[in-house]
Amino acid sequence: MSIDVQKFQGGGGTMAKAGAVGVIGLVIALAGIAISSSKKAALFGYLVAFSYWAGIAFAAVTLLMIFHTFRAKWMVVLRRPLEAMATTVPLFLVLSVPILLFAGDIYSWVNPEAAGIFTAHELHILHGKHGYLNVGFFIGRTIAYFLLAGFFAFRLFGLSVKQDASGDPQLTQKQRNTAIGGLPVLALVITFASFDWMMSLNPIWFSTIFGVYYFAGSFWNTIAILIIVTTLARGKDQYGQFVSIEHMHNLGKLLFAFTCFWGYIAFSQLLLIWIANLPEEVPFYEVRFNGEWVGVGIALIVGHFVVPFALLLSRELKRTPTRLSLVAGWALLMNLLDIYWLVMPTLDKDHATLPWTMPFAWIGMGGLAVAFALWKIRGHYTVPVKDPFLDVSLRYRQPT
């Protein structure tokens, strides 16, 4: 089956607007860090936005690798936007600079004695962790995360667009080989990134399941964005016109699956810490079960799990793109609340404070990510036109 599509030259207006919004939002957020009376609160707000959007970039690379590893043919028609999302990884290396520069204002382990919040025993524990928790190694690891993820993202994108020109079926196998070899690396990258950026805010606390918790939410976000973009991408030379209700149904099922997976991981982490009742682990939940954070936790249970779980049970909803996109938009907001709940209690244990810079940082990074993805995909086909399995993807129907 041949498709009538040309290289995508549109989206210039959207790219410019998204870039402008991104720059303005980011400038305001950075200015807030510089001039705000509460520099630490502004930095925490920046960290929330950064962890949110960087997680999506990492998850896009990982999800792309998973599809290649399992030779999933149904999603070939959906692959190019996922590739574009994955190529935003280098952008977040640049956006990590404020966090790396002001690590001492964010992380208590940088100068634990001066923080004045640790007992002598806890200081002894932190001294034992100094080989890992030190600024130089922290910066080196962050750079390594983005270089590794960026290499695989651009490698897969490059092979994919090269196949558009040559039609060489061997390039499909090269993409699969890259994905198979890189998937374990990316799993470690997103896991240790979550340890460094968020878990180390509470350097005495630890959870071996925290990395899974972070990428479960990030995958949820990535699938939600793919749903929204697919619903909107219906213009000239855009891939949305080739995406059937069957594909949308599958995306809806993936969103439902990761709704359940996030809920399972969240409950598992809580249950294991509750049962173990270790003094190093319990304080993480003690803070979040008291004060105004109780309400945020309840909102997460209802909004991040109960509501999308109930809605996504509907087969009709999953096969109605506009309605599914509304649920996907809700998912994006709920995961932002989740990252906020993970980060901000370290700043204020009693009050659910919202730094005024945080919305600007979130909108700014999102706008820049959208502009970057559009810039990467312009001049290329929005569908991998010479992938040998495109015909199979276009003819895909739900198993009966």
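**Aromatic pairs and their setting**

Author: The model is a predicted one. Asn277 is placed in the loop between helix H12 (245-276) and helix H13 (282-288), and its phi is positive, about 55°, although Asn277 is not a glycine. Arg71 likewise is not a glycine and has a positive phi of about 55°. The loop that holds Arg71 runs between H2 and helix H3 (79-86); with a relative accessible area of 45%, Arg71 is partly exposed.

In total, 35 aromatic pairs are counted. Trp53 and Trp362 form one of them, a tilted pair with 5.8 Å from centre to centre and 35° between the planes. Trp53 belongs to helix H2 (residues 39-69) and Trp362 to helix H17 (residues 357-377), so this pair ties together parts that are 309 residues apart in sequence. Trp53 has a relative accessibility of 13% and therefore counts as buried, because the cut-off for buried is under 20%.

Another pair is formed by Trp356 and Phe360, with edge-to-face geometry: the centres are 6.2 Å apart and the planes make an angle of 75°. Trp356 is partly exposed at a relative accessible area of 47%, and Phe360, at 32% relative accessibility, also counts as partly exposed.

Ring pairs also build a cluster, which links Trp205, Phe210, Tyr213, Trp262, Phe284, Tyr285, Phe289 and Trp341.

As for the whole chain, the protein has 18 helices and zero strands. Its radius of gyration is 21 Å, close to the 21 Å that the globule rule gives for 400 residues, so the chain is as compact as a globular protein of that length. Along the principal axes, the C-alpha atoms fill a box of roughly 70 × 40 × 35 Å. Of the 400 residues, 54% are buried. Among contacts between residues at least 6 apart in sequence, 82% join residues at least 24 apart.

The chain exposes about 16800 Å², of which carbon and sulfur atoms supply 69%. There are 28 positive and 20 negative side chains, and the centres of these two sets lie 13 Å apart.

Conventions. Residues are numbered from 1 along each chain as its sequence is written. This is a predicted model: local features need pLDDT of at least 70, side-chain atom pairs count only at pLDDT 80 or more; totals for chains, interfaces and linings use all residues. Side-chain values use heavy atoms; hydrogens and water are left out. Helices (H or I, at least four residues) and strands (E, at least two) are DSSP runs, numbered from the N terminus. The radius of gyration is taken over C-alpha atoms; the globule rule is 2.2 Å times the number of residues to the power 0.38. Buried means under 20% relative accessible area, exposed over 50%, partly exposed in between (1.4 Å probe, protein chains only). Contact means heavy atoms within 4.5 Å. Accessible areas come from the Shrake-Rupley method with a 1.4 Å probe; for residues, only the protein chains shown count as cover. Lys and Arg count as positive and Asp and Glu as negative; His and the chain ends are not counted. The place of a charge is taken as NZ of Lys, CZ of Arg, CG of Asp or CD of Glu. Rings of Phe, Tyr and Trp (its six-membered ring) pair if their centres lie within 6.5 Å; planes under 30 degrees apart count as stacked, over 60 as edge-to-face and the rest as tilted.
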